[in-house]
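I opened this model to look up its overall build, then a few local details. My notes follow in the order I took them.

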Amino acid sequence: MMSRYILIVDDSRLSRMISRQFVTNLHNDWKIDEASTGEEAIALVAITAPYLILLDVNMPGIGGLETASRIRKSHPQTHIVLLTANVQNSVQTAAEELGLGFLPKPLKEPQLHALLNSLETSL
């Protein structure tokens, strides 16, 4: 499998650390960057073009759905997965409308591994 570049966006440092560890456990050769705000994520995506973005919904400043919408316009091929404790139907519907994946928090390693494997086999 080829090495990939992933961006983890979450205002919680602990959540970013957990996501990073789960990705590393499966793909220790993948490059991982982190952002704590939507604004920071948008700036990073403009210069890095990640393969996958794991994106929290509820963050200060620009929220995850707006961040995803902006990134989707400039990088339509990037895989974006919402990773959130906000599992309301309205959030899931908005994610579907934007063509985003959806994983509930707390993140469980088997869920993330299944997502990563499905992305790899869909190429």
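**Fold.** I count five helices and five strands in the protein chain. Both come from DSSP runs, numbered from the N terminus: helices are H or I with at least four residues, strands are E with at least two. From the N terminus on, I read the order as β-α-β-α-β-α-β-α-β-α. The radius of gyration is 13 Å, close to the 14 Å of the globule rule for 123 residues, so the chain is as compact as a globular protein of that length. That radius is taken over C-alpha atoms, and the rule is 2.2 Å times the number of residues to the power 0.38.

**Ground rules.** The model is predicted, so I note that local features need pLDDT of at least 70 and side-chain atom pairs pLDDT 80 or more, while totals for chains, interfaces and linings use all residues. Residues are numbered from 1 along each chain as its sequence is written, and side-chain values use heavy atoms, without hydrogens and water.

I find 46% of the 123 residues buried. Buried means under 20% relative accessible area, exposed over 50%, and partly exposed in between (1.4 Å probe, protein chains only). Next I checked contacts, meaning heavy atoms within 4.5 Å. Among those between residues at least 6 apart in sequence, 65% join residues at least 24 apart.

**D10.** I located D10 in the loop between strand 1 (5-9) and helix 1 (13-26). D10 is buried, at a relative accessible area of 2%. Which side chain does the side chain of D10 meet in a polar contact? I find K105, at 2.6 Å. A polar contact is a pair of N or O atoms within 3.5 Å; within protein, one must be able to donate a hydrogen and the other to accept it, and residues adjacent in sequence count only if both atoms are side-chain atoms. Leaving out residues up to four places away in sequence, D10 touches S15, R16, A35, S36, D56, M59 and K105.

**K105 to P106.** I followed K105 onward. Its peptide bond to P106 is cis, with omega near 0°. P106 sits in the loop between strand 5 (101-104) and helix 5 (109-121).

**Helix 3.** In residues 64-74 I list G64, T67, A68, S69, I71 and R72 as buried. Their cover includes helix 2 (38-48), strand 3 (52-55) and strand 4 (79-84).

**A49.** I found A49 in the loop between helix 2 and strand 3. Its phi is near 45°, a positive value in a residue other than glycine. A49 is partly exposed, at 45% relative accessible area.
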